[in-house]
Amino acid sequence: MNDKDAHDYTELFLRVCRPVERWMRRIILLLVISLCLLQLALRIPEIRHLLSSADKFEGVPIQRENRR
């Protein structure tokens with residue numbers, strides 16, 4: 001492989017990767033924003049009931065006597 005072939009391959013690789021990288025950045029940004037919004041939504045009890053089924057499996061907290 002001579003120097004011109006390596007240069008052509010690098011140019012072709014960069015031409016293909018730039019749009020893919022741009023879309024991957026957008027998708028990652030969208031996922032991070034979605035994660036933050038969903039975490040904020042889980043702090044609201046009415047919405048948390050709709051989004052998560054784990055609350056109904058938690059049970060009743062143990063009541064301990066305060067001994068001193």
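**Notebook: salt bridges, then overall shape**

I looked up D8 first: the side chains of D8 and K4 meet in a salt bridge, with 3.0 Å from N to O. A salt bridge here is a side-chain nitrogen of Lys or Arg within 4 Å of a carboxyl oxygen of Asp or Glu.

The model is predicted, so local features need pLDDT of at least 70 and side-chain atom pairs count only at pLDDT 80 or more, while totals for chains, interfaces and linings use all residues. Residues are numbered from 1 along each chain as its sequence is written, and side-chain values use heavy atoms, without hydrogens and water.

I noted where the pair sits: D8 and K4 are 4 residues apart in helix α1 (residues 3-41), which means a separation of about one helical turn. Helices are DSSP runs (H or I, at least four residues) and strands likewise (E, at least two), numbered from the N terminus. D8 is partly exposed at 36% relative accessibility, and K4 is exposed at 56%. Buried means under 20% relative accessible area, exposed over 50%, and partly exposed in between (1.4 Å probe, protein chains only).

I then found E21 bridged to R25, with the closest N and O atoms 2.7 Å apart. E21 and R25 also lie 4 residues apart in helix α1. E21 is partly exposed at 37%, and R25 is exposed at 57%. The count of salt bridges is 2.

Last, I checked the whole protein. I counted 2 helices and 0 strands. The C-alpha trace spans about 80 × 30 × 20 Å along its principal axes. Buried residues make up 1% of the 68 residues.
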